[in-house]
Amino acid sequence: MTALVFGLFPGSKERGKTLTVGDAVPVFSLRDQNDSLFNISDFIGKKILVIYFYPKDESSGCTKEACSFRDNYSAFTKAGAMVVGINSGTVDSHRKFIEHHQLPFTLLSDPGNKVLKMFGVKSKFFITGRETFIIGKTGKTVFTFDSFMNGPAHEKEALIFINNMGP
């Protein structure tokens with residue numbers, strides 16, 4: 001069963017452009033790798049959210065990116081951050097990807113790329129884009145990173161930013 005509920009964070013404008021620093025995160029709900037409903041509203045104000053969009057489970061670049069987040073996951077959690085990966089893959093595909101690579105974080109299924117479009121992530125070379133957004137506890141975007149060809153750079157840049165955020 002696919003449940004997708006989404007809207008815009010109160011006070012935000014319709015999205016057509018990529019979220020930038022200062023923009024409110026769109027409110028959405030998607031199914032995770034366990035087929036449980038993940039509501040972003042449940043985490044705003046409680047955690048720093050590292051939301052990364054990636055093209056495909058088990059592709060070379062996406063696997064390197066996911067494993068980079070995995071290998072430094074404890075540094076993210078120690079800093080009070082929650083890592084969430086999103087793409088259009090199925091719940092089953094995400095579960096298998098997590099099991100195959102021992103990924104300790106949440107992967108969300110975004111059928112039809114509706115949430116990806118809410119964030120304004122653009123395709124590159126006819127492939128779904130690869131972008132990372134850090135959402136502060138206020139629900140506002142505090143950092144963005146876009147590097148299609150260098151998946152592992154997303155983890156590195158996100159962690160550098162979080163470590164420099166201060167209390």
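His94 touches Gln33, Tyr54, Asp57, Asn87, Gly89, Leu107, Leu108 and Ser109, leaving aside residues up to four places away in sequence. Keep in mind that this is a predicted model. Below is a quick look at His94, then the helix that holds it, then a patch on the surface.

- His94 sits in helix 3.
- With a relative accessible area of 0%, His94 counts as buried, because the cut-off for buried is under 20%.
- One of its neighbours, Tyr54, makes a polar contact of 3.5 Å with His94, side chain to side chain.
- Thr106 is twelve residues from His94 along the chain, and their C-alpha atoms are 8.9 Å apart.

**Helix 3 and what covers it**
- Helix 3 spans residues 91–101, and its buried residues are Val91, His94, Phe97, Ile98 and His101.
- Looking down the axis of helix 3, you'd find those buried residues within an arc of 125°, so they line one face of the helix.
- The cover over these buried residues includes strand 2 (27–32), helix 1 (60–71), strand 5 (81–87) and strand 6 (106–109).

**A nonpolar patch on the surface**
- Phe125, Ile127 and Met149 make up a nonpolar surface patch, and together they have about 380 Å² of accessible area.
- Phe125 belongs to the loop between helix 4 (114–119) and strand 7 (131–135).
- Phe125 is exposed, at 65% relative accessible area, whereas His94 is buried.

Technical notes:
Residues numbered from 1 in each chain as written. Predicted model: local features only at pLDDT ≥ 70, side-chain atom pairs only at ≥ 80, totals over all residues. Heavy atoms only, no water. Buried < 20%, exposed > 50% of the residue type's maximum accessible area, 1.4 Å probe, protein only. Helix = DSSP H or I, 4+ residues; strand = E, 2+ residues; numbered from the N terminus. Arc of directions from axis to C-beta. Contact = heavy atoms within 4.5 Å. Patch = residues over 30% accessible without salt bridge, like charges linked within 9 Å, V, L, I, M, F, W, Y side chains within 5 Å. Areas by Shrake-Rupley, 256 points an atom, 1.4 Å probe, with all protein chains shown as cover. Salt bridge = Lys/Arg side-chain N within 4 Å of Asp/Glu carboxyl O. Polar contact = N/O pair within 3.5 Å; in protein donor to acceptor, adjacent residues only side chain to side chain.
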